[in-house]
Amino acid sequence: QQLVDTVRATGATNIIMIGGVQYSNALSGWLEYKPNDPTGNLVAAWHSYNFNVCSNVTCWERTIAPVKAQVPVLAGEIGE
């Protein structure tokens with residue numbers, strides 16, 4: 001929340017990308033801890049690699065899809 005508040009206090013209205021834990025791979029708690037943004041310009045930043053915990057369709061449907069249903073998800077890093 002502090003990051004969003006600090007950025008917005010400058011008057012900026014740009015998109016803010018907020019990652020999950022585990023190198024931005026795990027978004028399972030993202031909605032629970034989603035910061036409040038008065039502009040509504042938040043994006044969930046997600047990194048997907050074959051060695052990450054969430055690296056298959058089952059996990060994506062269980063954890064990424066619910067986030068995507070509420071905010072944009074940007075896959076900033078994608079690996080094999």
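Colleague: In which element is the place of Q22?

Modeller: Helices and strands are DSSP runs, numbered from the N terminus: a helix is H or I with at least four residues, a strand E with at least two. The place of Q22 is in helix α2, and Y23 lies in helix α2 as well. Please note that this is a predicted model, in which local features need pLDDT of at least 70, side-chain atom pairs count only at pLDDT 80 or more, and totals for chains, interfaces and linings use all residues. Residues are numbered from 1 along each chain as its sequence is written, and side-chain values use heavy atoms, with hydrogens and water left out.

Colleague: What should I notice about the phi of Q22?

Modeller: Most residues other than glycine have a negative phi. Q22 is not a glycine, yet its phi is positive, about 55°. Y23 likewise has a positive phi, near 65°.

Colleague: Is Y23 buried or exposed?

Modeller: A residue is buried under 20% relative accessible area, exposed over 50%, and partly exposed in between (1.4 Å probe, protein chains only). Y23 counts as exposed at 71%, while Q22 is partly exposed at 42%. Across the protein, buried residues make up 31% of the 80 residues.

Colleague: How many helices and strands does the protein have?

Modeller: There are 3 helices and 3 strands, and along the sequence they follow the pattern α-β-α-β-α-β. The C-alpha trace spans about 40 × 20 × 15 Å along its principal axes.

Colleague: Where does N25 lie, and what is it in contact with?

Modeller: Contact means heavy atoms within 4.5 Å. N25 lies in the loop between α2 (21–24) and β2, and it is buried, with 1% relative accessibility. Leaving aside neighbours within four places in sequence, N25 is in contact with W46, H47, S48, N52, V53, C54 and I64. A polar atom of the N25 side chain lies 2.9 Å from the backbone nitrogen of C54. In the protein as a whole, residues 24 or more positions apart account for 64% of the contacts with a separation of 6 or more.

Colleague: How many aromatic pairs are there?

Modeller: Rings of Phe, Tyr and Trp (its six-membered ring) pair if their centres lie within 6.5 Å; planes under 30 degrees apart count as stacked, over 60 as edge-to-face and the rest as tilted. By this rule there are 2 aromatic pairs. The rings of W46 and W60 have centres 6.2 Å apart and planes at 85°, so this pair is edge-to-face. W46 lies in strand β2 (residues 42–48) and W60 in helix α3 (residues 57–68), so the pair ties together parts that are 14 residues apart in sequence. W46 is buried at 11% relative accessibility, whereas W60 is partly exposed at 31%. The rings of Y49 and F51 have centres 5.2 Å apart and planes at 15°, so that pair is stacked. Y49 is partly exposed at 22%, and F51 is exposed at 63%.

Colleague: How far apart are G11 and W30 in sequence and in space?

Modeller: They are 19 residues apart in sequence and 25 Å apart in space, C-alpha to C-alpha. G11 is found in the loop between α1 (2–9) and β1 (16–19), and it is exposed, with a relative accessible area of 54%.

Conventions:
A polar contact is a pair of N or O atoms within 3.5 Å; within protein, one must be able to donate a hydrogen and the other to accept it, and residues adjacent in sequence count only if both atoms are side-chain atoms.
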